[in-house]
Amino acid sequence: MKAVVLDTDDQYRVTDLDEPAPGPGEVAIRVAYAGVQWGDTMVRAGHFPVPRPFVPGFEASGHITAVGEGVDASRVGRAVTTLVTGGAYAEVVVAPAVLTLDTGGVPLRSAAGVGWGTPTAYDLIHTAARVRPGESVLIHAAAGGVGTLAAQFAAMAGAARIVGVVSSAARADYAAQFGYHQLLMREEFPARLGNERFDVILDPVGGPTRRTNLAHLAAHGRLAAYGNLSTFDPVLADANDLLMQGKSLVTYNSNLLSRTHPERLSDSARRALDLVAGGQVRVDITAEYDLADLATAVQQLADGTTLGKSIIRIA
């Protein structure tokens, strides 16, 4: 089969590999499309310790061609979307059956864009931060894959005010279509907010931004940290200070959840996918690349020039 390999020199190469076979609890999927996501930039930069050469790709759609021990054989032939820990940039990928969901009528092209970002956004709003009707929500990286979905989920949860922080005017224009009430440039945060405080803040940035976010929580507010885009330097918070104002700092790690409680992640992915299928939530695919152009897709995401979701056409 054809697959992309990330080699020891940090270069992507299309090569021929043997097709993988599913083990117990797994399925084999003939891949139609694979989604490009932030994890691809992290692996390429060496932040995730994976052995090289490595077949990257963490989300895909296609049809199940075989099942391993313990998996219902009637699933063969079904159109699915899946979450994996690697291997999606290939003609065939092996995936955990529990994290492989029927598309529910969502076209394969769109289903590939659901990926990790959709259940992550769903869980940030509904599980980690637990947004309630009438609350205010601040979302960093507002034009990103998670941010645009989180804004939609927050609106559905009844948030009265949704504010986003972006890095450029172009990204503000793009994010505006997803239900934000106000968008700020990164350099305007937090000065432009004045004394405004938020019930919920979603923070994939880390570093000084995380400390500032804590200061801009309302009483009983929740800061949900789910990444470190700016720095991996530790951020210290005084639990006693948080306690006095009822503030909470919570974290969300979908990769860890997939290994410790995959059924929970699967349930959130199913709920989110149903909303996409019903047209209530939009996954915006804006770019489609050939397998040989993966390096370009990943670099554009890393550079911040990607607007919306990029996918790789495999089939």
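Modeller: A polar contact is a pair of N or O atoms within 3.5 Å, one able to donate a hydrogen and the other to accept it. The model discussed here is predicted.

Biologist: What makes the backbone oxygen of A111 and the side chain of T81 a polar contact?

Modeller: The backbone oxygen of A111 lies 3.0 Å from a polar atom of the T81 side chain. The cut-off is 3.5 Å, so the pair qualifies as a polar contact. The backbone oxygen of A60, at 3.4 Å from a polar atom of the side chain of T81, also falls within 3.5 Å.

Biologist: Why is T81 called buried?

Modeller: T81 has a relative accessible area of 6%. Buried means under 20%, therefore T81 is buried. T81 belongs to strand 5, residues 79-83, and its contacts include L99, L101 and L273.

Biologist: Why are strand 10 and strand 13 said to stand at the edges?

Modeller: These strands belong to an open sheet of six strands in the order 10-9-8-11-12-13, with parallel pairing. Strand 10 (182-185) and strand 13 (248-251) each have a single partner strand, so one side of each is left without a neighbour in the sheet.

Biologist: How do you know that strand 12 and strand 13 pair?

Modeller: Pairing requires at least two bridges. Strand 12 (residues 217-225) and strand 13 are joined in the parallel sense over four bridges, so they count as paired. In strand 13, V250 is the bridge partner of A224. Helix 6 (residues 207-215) packs on this sheet, and its direction makes about 155° with that of strand 12.

Conventions. Residues numbered from 1 in each chain as written. Predicted model: local features only at pLDDT ≥ 70, side-chain atom pairs only at ≥ 80, totals over all residues. Heavy atoms only, no water. Helix = DSSP H or I, 4+ residues; strand = E, 2+ residues; numbered from the N terminus. Buried < 20%, exposed > 50% of the residue type's maximum accessible area, 1.4 Å probe, protein only. Contact = heavy atoms within 4.5 Å. Axes fitted to C-alpha atoms, helices over the stretch in contact; angles between N-to-C directions. Lists of a residue's contacts leave out its neighbours within four places in sequence.
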